[in-house]
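Please keep the sequence and the model side by side while reading.

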Amino acid sequence: QVKLVESGGGLVQAGGSLRLSCAASRRTFRSYAMGWFRQAPGKERECVAAINWSGDTTYYADSVKGRFTISRDNAKNTLYLQMNSLKPEDTSVYYCAAASGSFVYTHVEPYDYWGQGTQVTVSS
């Protein structure tokens with residue numbers, strides 16, 4: 001079992017930045033592929049960024065490419081999402097997730113563990 005706890009969400013003006021963190025409970029964090037997802041009311045959960053176990057392979061949704069950066073610190077069992085140039089359409093609940101495997105996963109199904117989510121609100 002892996003417990004994931006997100007932090008760093010909040011209210012920010014358009015053009016601003018936030019850094020989300022996801023702390024994992026297990027020292028085996030390094031063996032999991034990780035992802036950041038978001039879900040707005042009435043919409044499906046979508047992957048905005050994902051990273052493999054070592055951090056040398058990443059994925060970004062087109063809507064966030066060039067603005068968001070995913071990274072991980074395996075020594076600290078922590079996943080990050082740096083979000084710059086935020087837009088009102090980035091408003092959502094953001095979730096981190098962990099998947100057993102060696103690749104980058106961009107869909108919900110491979111992910112076994114989820115955090116509780118953190119709200120990000122971008123005002124115009």
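Of the 124 residues of the protein chain, 45% count as buried, where buried means under 20% relative accessible area, exposed over 50% and partly exposed in between, with a 1.4 Å probe and protein chains only. The model is a predicted one, in which local features need pLDDT of at least 70 and side-chain atom pairs count only at pLDDT 80 or more, while totals for chains, interfaces and linings use all residues. Residues are numbered from 1 along each chain as its sequence is written, and side-chain values use heavy atoms, with hydrogens and water left out.

The protein chain contains zero helices and eleven strands; helices (H or I, at least four residues) and strands (E, at least two) are DSSP runs numbered from the N terminus. Its radius of gyration, taken over C-alpha atoms, is 13 Å, close to the 14 Å of the globule rule (2.2 Å times the number of residues to the power 0.38), so the chain is as compact as a globular protein of that length. Along its principal axes the C-alpha trace spans about 40 × 25 × 25 Å.

What lies in the interior? In soluble globular proteins, nonpolar side chains tend to be buried together. Here the largest nonpolar core has 29 residues, and those with the most contacts inside it are Leu4, Met34, Trp36, Leu79, Leu81 and Met83; such a core is a set of buried Ala, Val, Leu, Ile, Met, Phe, Trp, Tyr and Cys residues joined through side-chain atoms within 4.5 Å. Two or more residues each come from β3 (18-24), β4 (32-39), β5 (46-51), β7 (68-73), β8 (78-83), β9 and β11 (118-123), and β3 gives the largest share, four residues. Leu79, for its part, touches residues including Leu20, Cys22, Phe29, Met34, Trp36, Ile51, Ile70 and Cys96, when residues up to four places away in sequence are not counted. Apart from this core lies another, of eight residues, among them Cys47, Ala50, Ala99 and Tyr111.

Phe103 belongs to another setting, the loop between β9 (92-100) and β10 (113-114). Is this residue buried or exposed? Phe103 is exposed, with a relative accessible area of 57%, yet it touches Ala33 and Asn52, again not counting residues up to four places away in sequence. Phe103 and Gly115, twelve residues apart in sequence, are 20 Å apart in space, C-alpha to C-alpha.

Notes
Contact = heavy atoms within 4.5 Å.
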